[in-house]
Amino acid sequence: MKINHANLMICLLTLSVGMVHAADFYVSPQGSDSDPGTKEKPIATLGRAVEKVRPHAGKTPVTVHFEDGVYYLPETVVFTPEDSGSKKNPVIYKAVNEGGAVLSGGAKLDLDWNPFKDGIFQAKTPAGLDIDQLFVDGKNQRMARYPNYDPAKKAEPYQGYAADALSKERAANWADPTGGYIHAMHIKRWGGYHYRITGKDGKGDVTYEGGWQNNRKMGMHNDYRMVENIFEELDAPGEWYHNAKTSTLYYMPEAGVDLSSAKIEVVRLRHLVEFQGSEKSPVQLVVLQGFTVRHAARTFMDCKEQLLRSDWAIYRGGAFMLTGAKHIRILDCTFDQVGGNAIFVNNYNRDILVKGCHIHDTGASGVCFVGDPDAVRDPLFEYNERNDLAKIDRTPGPKTNNYPADSAVEDCLIHGIGRVERQPAGVQISMAQGITVRDCSIYDTARAGINVSEGTWGGHLIERCDVFDTVLETHDHGSFNSWGRDRFWRKDAASSQAAIDKDPDLPFLDAMKTTIIRDSRWRCDHGWDIDLDDGSSNYDIYNNLMLNNGLKFREGFRRHAWNNITVNNGLHPHVWYDGSKDQVYGNIFMTPHKPARMSKPYTDSTRVDENLFAADEATVMKVSRRMGWDENAIFGDPMFVAPAAGDFRVKDGSPAFKIGFKNFPMDQFGVKKPSLKAIARTPVLPVVMGGQSKGASSANSTSFLGATLTELTGEEFSAFGVSKEEGGVAFLGLRPRSPAGKAGFQNGDLVQKVNGRQVKDIADFKKAILKAKGCVEFSVVRNQQVIQLMVDL
């Protein structure tokens, strides 16, 4: 059952303001916890407020009023089932002035600063103090790092990287790097790794531990590396280093900072607020409204739990952590520069609403909905694991109710996501059902804006969102990103195909409810606007404006896409199954389709037709005829109303109406709350290319052993699971009885090395083959794994 979150919230708040309160409590930083909590004699802490409310909770309406000021929490505040309200008697904790009451997981330091050298100041700190983050006048400063942070490098890993970040030569300048950190991108840029430096060995090489943060463990990138918390690297304004052994803090202030009056704060707590209940005994009907939340610790070294066959590992926790809760409202709160996840909705939760919030500059994700793997039937964790499809449980749906469901993120501004970790999302959904993301502006994210980690168990609704400037530091993702490596999915697609041919319901055992993406605007300059990756199934996608890199469907079933606009781009079909039941119709495309590892007709229970192409007909149909598609396509100018102003509706007389296209609103994308809308950014609008075929393949090819080898272009690298830097040449349309097939090559193989010589393109391949004689070793990527083939030439 879908719950109307907005109506229930209004009902709760109406009850709270329309009745005479039997219990009102007041809290002020100038209060005392020994006082009664009246307006004249307020208490001082959130923890004491919870204690005062508990005898009244659920018995009478309660409102707790927080005056402006900073509330430093000595420990995590925990709400239990005894703190629950009821439908008639809600419990509301609210700031008197929105944003004025600050909940802090940190502590304020009073320090005596003295000059050290080279613009660096030093101060003694309390003995035993551990500092993970330093805030000066409310702004998070940076640990001493190499290379230095450059805000102009917004779309570069770590805003500054160096291949020699942990080289022996660099480390020779470090007296003792113990306690430093290494941050490095995954070798394929599918996220990142983090390591804690443990010292140097006898040869002077850096030693370290970690690297468990990415679920596809393939090692760190050779170039995209950064180190921090190294004393000798303190050389830029805004950097700091704390020597815990000598209790000394070193800091190089930015211009304009007066250390004699600056407010210095450090971080202590990971979780500021927790709701701790269960399915049988939930915490329920509590409202937290209008708070600013700051100073939650970074958690990247404890990001260890693998999500189901994804790139992700995750830390179960956040500044606000909810477990076993129902009808909880987090309203009009600001999550400001928290070190990990802002809000984590963990395991059993129902009807959780996050609304009107501003979440920015988080170390990890904005809002996470993550269920229990034990609720999943036949769960697998590492990417290369596979089920025996003859033995799997064929029961649809979850085993238990221990997962988030029927919850929503609404009318929120979410940006600056993944300042520390590189597997983040504005909203992350995994092992959950019926999650709504509505009227949200999400941008400036290291990876995806909205991420759905698997098909379990679908029924999500994404609508009226504005998502852009995403995938800024990773690779091979989209503004919306999903995968569906569920029970049916195997990396060797032929095995899944054979099983699904026998049982067409197999893909829907986990993706049991349709997920809808509609009425939203998307732009990704470093991936796809909407990316449905491995196995993503059971989606309806309509009324979306995609501004740059179009729509990608890889291996999956029942993806229906209609009435969408892909500006200067089109459809990217990657490695489809036969009989996929995909339906793509009534869209406005501006380029030919860009299939990857697809070289035959896909027409069995599949429909790609009756679309309008603002592109050259001959170029479009050269691709479409090969796929058996677009027999009834039409071609022409869609006649957009005012594309330079962002209005991509079509004018009267547009040929788009002939394919059943219907205009949809262009002024309803993103956050609606006036205070947030006033500060929210919007995406850069593209210049319409007027029928040019952006991204159309101009790949080079060559013949080899009776087959065709082709260079990869654009985003085709994704279909092979390789990076653009690695490159390669692919066998497309290879026949098993050809000389190449008899030599052991298969259709879709990607050649990356010949006798150890790197092959990035056709020119490299030709050079390598000219030098190869006798028995030649080919390094080939097959099903996203590297194999070696020995071939006599």
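How much space lies in the largest cavity of this protein? About 100 Å³. One caution before the details. This is a predicted model, where local features need pLDDT of at least 70, side-chain atom pairs count only at pLDDT 80 or more, and totals for chains, interfaces and linings use all residues. Residues are numbered from 1 along each chain as its sequence is written, and side-chain values use heavy atoms, without hydrogens or water.

Now, the method. Rolling a probe the size of a water molecule over the atoms shows where empty space is left. Here a cavity is a set of points, on a 1 Å grid over the protein atoms alone, where a 1.4 Å probe fits but cannot get out. Points are joined across faces, edges and corners, and volume is the space filled by probe spheres set on them. The count is five cavities of 30 Å³ or more.

Take the largest. Its lining has 14 residues (an atom within 4 Å of a point). Nearest its centre lie Trp-190, Arg-216, Asp-476, Arg-485 and Asp-533. By class, the lining has eight charged residues (Asp, Glu, Lys, Arg), two nonpolar (Ala, Val, Leu, Ile, Met, Phe, Trp, Tyr, Cys, Pro) and four polar (the others, Gly among them).

Finally, the whole chain. The C-alpha trace spans about 85 × 65 × 55 Å along its principal axes.

Note on methods: On a 1 Å grid over the protein atoms alone, a cavity is a set of points where a 1.4 Å probe fits but cannot get out, and a pocket is an open set with protein on both sides within 12 Å along at least five of seven lines; lining residues have an atom within 4 Å of a point.
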